[in-house]
Amino acid sequence: MTDTLMLEPGAVDLHQLRRIWRGEVALALPVQAEAAMDASAAIVQAIIAQGAPAYGINTGFGKLAKTRIADEQLEQLQRNLILSHSVGVGEPLEPRIVRLVMALKIGSLARGYSGIRTRVVKALLGLFNAGLIPHIPEQGSVGASGDLAPLSHMTLALIGEGRILAHGQWLPAAQALAQTGLAPIHLAAKEGLALINGTQVSTALALHGLFLAEHLFHSAVLAGAMSVDAAKGSDAPFDPRVHEIRGQPGQTRAAHMYRTLLAGSTIRKSHIVADDKVQDPYSLRCQPQVMGAALDLMEQVARTLLIEANAVTDNPLVFPGQDGLPDQVISAGNFHAEPVAFAADILALAIAEIGGLSERRVALLIDASISGLPPFLVPAAGLNSGFMIAHVTAAALASENKSLAHPASVDSLPTSANQEDHVSMATFAARRLVPMVRNTAHIIGIELMCAAQGIDFHAPLKTSAPLQALHQQIRKEVPFYRHDRLLAPDIETLYHHVMDGSYTVDQPELLTP
């Protein structure tokens, strides 16, 4: 972390969230945030002093909310809450997701509506800036009342329990804190609940899926444009007039990308006159319509997630008195992650369709009757099978994504003895995006290989300058397929380039809500 990002509570933008995700920045909070946090913490202490019951402050939780807790047991109540709720299972969330979780929680608490002391939020900030990653199992949340189990595992690290990833090694939390010069925190009334109640894990997982989907979009547009030239397709369907009279913004923007990528191609010039093809298949011709619709969905998802990333989503909420109104603690439901669940489900559709369209282009390229290229894109087909089974892999992955794209948000199971009788399933909705992204990235990697192979068959004619540069990048690592060889390593090579965003068209940060 070579740079420090000032985390303005309620005003974090998507570019800043990407930088946090990539691990590029340390975090700092503005001084004025401390006053807001201290004011809300003081309200909690005043409630305790008055002896009035208030949910989560001096009562039990969930179905046990009617149980009054003695003042001398309030710290123990918070510790018990964290220990009992740390029941997640499965593999740990990867570090870049956990970084987002911690940053989102810091920003939410720092808005000053959670009744938590500044020193506790600064302790979480210290954990982040030290590069310490709490062990957060990926399963165990239904997305309401917030992400209780995973956020409890995050909070374990603050109190010196659980495990922490420190410099690539999993250590007991107390040991990792001591080695870094940090001390465990003792939680006061309301603070444990403020830390574990909220949608930060669901939102971080969905943002992770969104940022990876941006990489998919770039690579898919590049692969699709190269496939147009490989199949000697037409660029006429990308004419701006076609898209202007429909008016869909993503479609118009995508068409511009395809026009720009194909401009100057001598392959295209070679068949403008006397082309015996009347129309191209939809997987070539309708790319702006499909990819543009996916882009519009991604923009919608980005808007929702950016709002949620800046939101206060714990419960109860502490409102300082103003305009003649007294201080007030309101028990409500901002922890319900339905917006995140819907956003993740929508994003799943886009990811599935990007992969589905790419798979159709692979099928087109290997079919000599449609593409005009050698069967299965290999010389001496028959002796050589070429890309025949690579397409089978693409088809298998596209089909798998169809099942994964089923909406998670339509499911709900009551929990906490029916007190929490409708839940969002946002955490799974967002978590399942990663296997979908991986499937689609593999499909696009296969298409890039096939499209590059098709371009080679048109030599000495060349594709456009930007696509020729991409072709050269591919050929540095994946040679021309002259005869059957082990293809799996080549697929993995291009898959990793798709996943890490190596291939971009237009500006790298596609989404700017």
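How much space lies in the second largest pocket? In this predicted model, the second largest pocket holds about 230 Å³ of space.

## The protein as a whole

The protein contains 21 helices and nine strands. Its C-alpha trace spans about 90 × 50 × 45 Å along the principal axes. Of the 513 residues in the protein, 55% are buried.

The accessible surface of the protein is about 20,600 Å², and carbon and sulfur atoms account for 56% of that surface. Among contacts in the protein with a separation of 6 or more, 79% are between residues 24 or more positions apart.

The largest pocket contains about 430 Å³ of space. Its lining is made up of 28 residues, and those nearest its centre are His 85, Ser 145, Leu 148, Ser 416 and Glu 420. Three helices each supply at least two residues of this lining: helix H3 (74-85), helix H6 (148-158) and helix H8 (191-196). H3 provides the largest share, with four residues. By residue type, the lining of the largest pocket comprises 13 nonpolar, 13 polar and two charged residues.

The second largest pocket, with about 230 Å³ of space, is lined by 15 residues. Nearest its centre lie Tyr 55, Asn 315, Phe 335, Gln 419 and Glu 420. The lining of the second largest pocket consists of five nonpolar, eight polar and two charged residues.

## The enclosed cavity

The count of cavities of 30 Å³ or more comes to one. The largest cavity has a volume of about 60 Å³. The residues lining it are Leu 7, Pro 9, Gly 10, Val 12, Leu 17, Ile 20, Ala 103, Leu 104, Gly 107, Ser 108, Ala 309 and Asn 310.

Which helices each supply at least two residues of this lining? They are helix H1 (14-22) and helix H4 (95-109). H4 gives the most, with four residues. The lining of the largest cavity includes eight nonpolar and four polar residues, but no charged ones.

## A sheet of three strands

Three strands form an open sheet in the order S4-S6-S7, with antiparallel pairing. At its edges are strand S4 (133-134) and strand S7 (169-172), each of which pairs on one side only.

The antiparallel pairing of S4 with strand S6 (residues 163-166) rests on two bridges, and Pro 134 stands opposite Ile 164 in S6. S6 and S7, also running antiparallel, are joined by four bridges. Here Ala 166 has Gln 169 in S7 as its bridge partner. The hairpin of S6 and S7 has two residues between the strands, and His 167 in this hairpin takes a positive phi near 55°.

Leu 132 is located in the loop between helix H5 (118-129) and S4. Is Leu 132 buried or exposed? Leu 132 counts as buried because its relative accessible area is 0%, and the cut-off for buried residues is under 20%.

Apart from neighbours within four places in sequence, Leu 132 is in contact with Met 102, Leu 127, Ile 164, Leu 165, Ala 166, Ala 176, Leu 177, Thr 180 and Leu 182. Among these contacts are Ile 164 and Ala 166, the residues already met in S6 as the one opposite Pro 134 and the bridge partner of Gln 169. Leu 132 and Val 12 are 120 residues apart in sequence and 22 Å apart in space, C-alpha to C-alpha.

## His 497 in helix H21

His 497 belongs to helix H21 (residues 488-499). With a relative accessibility of 19%, His 497 counts as buried, because the cut-off is under 20%. Neighbours within four places in sequence aside, His 497 is in contact with Glu 477, Ser 502 and Tyr 503.

Note on methods. Residues numbered from 1 in each chain as written. Predicted model: local features only at pLDDT ≥ 70, side-chain atom pairs only at ≥ 80, totals over all residues. Heavy atoms only, no water. 1 Å grid on protein atoms, 1.4 Å probe; cavity = no way out; pocket = protein on both sides within 12 Å on 5 of 7 lines; lining within 4 Å. Points joined across faces, edges and corners; volume = space filled by probe spheres on them. Nonpolar A, V, L, I, M, F, W, Y, C, P; charged D, E, K, R; others polar. Pairing = 2+ DSSP bridges. Buried < 20%, exposed > 50% of the residue type's maximum accessible area, 1.4 Å probe, protein only. Contact = heavy atoms within 4.5 Å. Areas by Shrake-Rupley, 256 points an atom, 1.4 Å probe, with all protein chains shown as cover.
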